[in-house]
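Please keep the sequence and the model in view while reading.

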Amino acid sequence: MRLPMATPSGWRRDGNLPAELTSFVGRTRLLANLKRHLGDSRLVTVTGIGGVGKSRTVLRLAHQIRAQYPDGVWFADLARLQDAGMVRHTIASALGIADQSSRSETESLAEWVGMRDMLLIIDTCEHLVQGCAQLVHELLEAAPNLKVLATSRQSLQLPYEHVVPVPPLQVPGDDPVESLFTNESVQLFAARAGAVVPDFVLEEQNIAAVAELCRRLDGIPLAIELAAVRLRALSVEQILGLLADRFSLLAGASRTALPRHQTLRAAIGWSHELCEPAERLLWARLSVFSGDFELDAARYVCSDDRLPAEHITNLVTGLVEKSILLIRSNHAGVRYKLIDTLAEYGEEWLDKLGQTQDLRHRHLAYYLALAQRSEDAWSGPRQIYWFIRMRQEHDNVRLALEHALRTPGESVLSLQLLSSLWFMWVCCGFQREGRLYLERALEANRGVSKERCKALWVLSYVRSSQGDSVGALEAAERCSKEAVRVGDSRAVILASKMQGTAAVLQGDLQKASALLGVAIEFNTDNKELNPGLLPAIVELSIVLTAQGEMYEAESLLTDCLQVCTERGELFVSSYAHWALALTQLHSMKTDQALSNIQESLRIKRHFHDTLGILIALETTARIFTALERVDMAAQLLGALHQNWKSAGLPMLGAPFLETDHEKCVKECQRIMGLDGYNAAFDEGARLDLDEASALALGELDAPS
């Protein structure tokens, strides 16, 4: 079976630039101006009112100039972020940064950017200006080859910032000698109209009405696009007539607002009024989502007696046809997104209706149920599906958590949501975020409870995966004490397992063996494979290998892999293959060891398991050394040295890994000589994590 790949963006050099979903019209002079300023300045901020096309212009520019940045163009969207404290983490996530350690976010960001020659785009900063400005300043100071392009309704107010306002498109009459047919506002209307009504063409009979319509809309792209959608039911002349009526009604509505802001609100309000009442209500309710969402989520969160669930599909289709919702299809299914400016409008209506709190509670309830469903299914044959699905739901999970933490009486739900998603924090590359939220939720829920006990062992697991064995042990011991008080036997067993994991990291083999043995014994009859039984078996095998008990270790791992195969479990199986390779290496079964470590790497590629990849590559270097392929080993050691820098604590601080690493380095230097080793090491240091994995798998030619 061929599995979909989910290579983390931070493993690539080319960036994570989103595709352009629509054709780009006009802005030739503005794009040239932006290119010039970006050549002269390290920070350019693109400003303008909502709907004027800041994000779209910057995206077009980025696609034009991406080849100028050897280390890629990276895009971070802050539009729906509410918590200023999460700015650093959100940008780190957008970069796909491998650091899953307990280091500060600023430190790992600066380390990752380092000497990279790259462009970072931070989209929609206006509601988080202070946090964005501080971070940008820190990054530009730390990274001499970094350039930043920001979009915001206001500048970041940094002394070296170059601000470029995005004006509306030129409208007919701005240039007296320009033909109406070549005007960029008219061209945009024609392009969007052609998408709505395929046989639409600009001609002498309609050009005057189109030109007047674009003038009325002040050349604001979003307003023009919303007007074009109405061609499904109306002629250009009818649209113009209705729009004129709409504007005359609103002429005195807000004397304090900027004229063009009034124009945009009028255009959005007009589109709002042209929706059916049920579509308007759904528009308001969909504003509670962050980022994109699935149809099932809309059915659950937005339905009630006024909007029956069975009507939601048709209403969503109607909003897509009216360009209120964007639709995105990929191998994982169809998802929808409310355009940011329209989401703000929907939020205002939801507040006026007095339904915001109720909808946010339903949103939280949906994602809590989804989290519990995904936890139950994680160890089965759809593990890759749930990995991709929950990474897609990341923005909405974060929003649900924020609501639970801020809302009196609902903070215990944050513990339930966080705990159910233990696999998301540990296996999907969100260790740091999981730890941050778990610590906040535990602080907000100090009363001893089963929910708190589960959150404590999950926190211990997350800290272990960061290499923080001291913090992991502290959380596991707290869990054990509190679980005894509330009579939670499962939490006691899992606390023992997590204490055993911490002991492995600290090199206390005797303690690790005892604790992991207890966890395995009490979990043997349990149908739940993760995170107790299978990880405990893998960790105990590592202890047995370190103690020289190879037969017992290999036997344990063979049984573990059989269970994984029967259940369709992949994540732990990748570690079982790694541990088996480690055992076989000690037993001098080097060909078998290579086969197992390569299988481990192949599986790990489907997950955002940066630390697991690095640990597997450490073992691969040792196997290549044993096979006398020391040139490959030295290149991998160079790649590891470079990639561990941005992944946090090298070798997770585990003594047995550090010792083996040093032995491998010395053996390669002895065989190759210092000059030969350094040359191969330097070649390997140029490889990113994906390239290093390809080298280990024989998919990449070894550099000469």
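How many bridges join S3 to strand S4, and in which sense do the two strands run? Strand S3 and strand S4 (residues 146–152) run parallel and are joined by 5 bridges. The model is a predicted one, in which local features need pLDDT of at least 70 and side-chain atom pairs count only at pLDDT 80 or more, while totals for chains, interfaces and linings use all residues. Residues are numbered from 1 along each chain as its sequence is written, and side-chain values use heavy atoms, with hydrogens and water left out. Helices (H or I, at least four residues) and strands (E, at least two) are DSSP runs, numbered from the N terminus. Two strands are said to pair if DSSP finds at least two bridges between them.

S3 and S4 belong to an open sheet of 5 strands, ordered S2-S3-S4-S1-S5, with parallel pairing. At its edges stand S2 and strand S5 (162–165); each has a single partner strand, so one side of each is left without a neighbour in the sheet. On average, neighbouring strands of this sheet are turned by 20° against each other, direction ignored. Angles in general run from 0 to 180 degrees between N-to-C directions, and axes are lines fitted to C-alpha atoms, for helices over the stretch in contact.

The pairings can be followed residue by residue. Strand S2 (residues 73–77) runs parallel to S3 and is joined to it by 5 bridges; within this pairing, tryptophan 74 has leucine 120 of S3 as its bridge partner. On the S4 side, isoleucine 122 stands opposite alanine 150. From S3 the chain crosses through helix H5 (residues 129–142) to S4, in a β-α-β crossover that is right-handed, a term that applies if, with the strands pointing away from the viewer, the path from the first strand over the helix to the second runs clockwise. Elsewhere in the sheet, strand S1 (residues 43–47) and S5 run parallel and are joined by 4 bridges, with proline 165 of S5 as the bridge partner of threonine 47.

How is S3 (residues 118–123) covered? In this strand, 6 of 6 residues are buried, where buried means under 20% relative accessible area, exposed over 50% and partly exposed in between (1.4 Å probe, protein chains only). The cover extends to both faces, with Met118, Leu120 and Ile122 on one side and Leu119, Ile121 and Asp123 on the other. Helix H2 (residues 54–65) lies across S1, S2, S3 and S4 and runs at about 155° to S4.

Helix H3 (residues 87–95) contains arginine 88, which is buried, with a relative accessible area of 18%. Not counting residues up to four places away in sequence, arginine 88 touches Glu105, Thr106, Leu109, Gly131, Gln134, Leu135 and Glu138; contact means heavy atoms within 4.5 Å.

Another open sheet has 3 strands in the order S6-S8-S7, and its pairing is antiparallel. Strand S6 (292–293) and strand S7 (325–330) stand at the edges, each with a single partner strand, so one side of each is left without a neighbour in the sheet. S6 pairs with strand S8 (residues 333–338) over 2 bridges, and tyrosine 336 of S8 is the bridge partner of phenylalanine 293. Helix H13 (residues 309–321) packs on this sheet, touching S7 and S8, and its direction makes about 105° with that of S7.

The structure holds 0 disulfides, a disulfide being a pair of cysteine sulfur atoms within 2.5 Å. For cysteine 453, the nearest cysteine sulfur is that of cysteine 479, 5.2 Å away. Cysteine 453 is buried at 0% relative accessibility.

Aromatic rings of Phe, Tyr and Trp (its six-membered ring) pair if their centres lie within 6.5 Å; planes under 30 degrees apart count as stacked, over 60 as edge-to-face and the rest as tilted. The count comes to 17 aromatic pairs. Tryptophan 378 and phenylalanine 423 form a stacked pair, 4.5 Å centre to centre with 20° between the planes. Tryptophan 378 lies in the loop between helix H15 (356–377) and helix H16 (383–392) and phenylalanine 423 in helix H19 (residues 422–427), so the pair ties together parts that are 45 residues apart in sequence. Both residues, tryptophan 378 and phenylalanine 423, are buried. Phenylalanine 571 and tyrosine 575 form a tilted pair, at 5.6 Å and 55°, and both lie in helix H27 (residues 571–586), 4 residues apart, about one turn of the helix. One aromatic cluster includes Trp378, Phe423, Phe571 and Tyr575 among its members.
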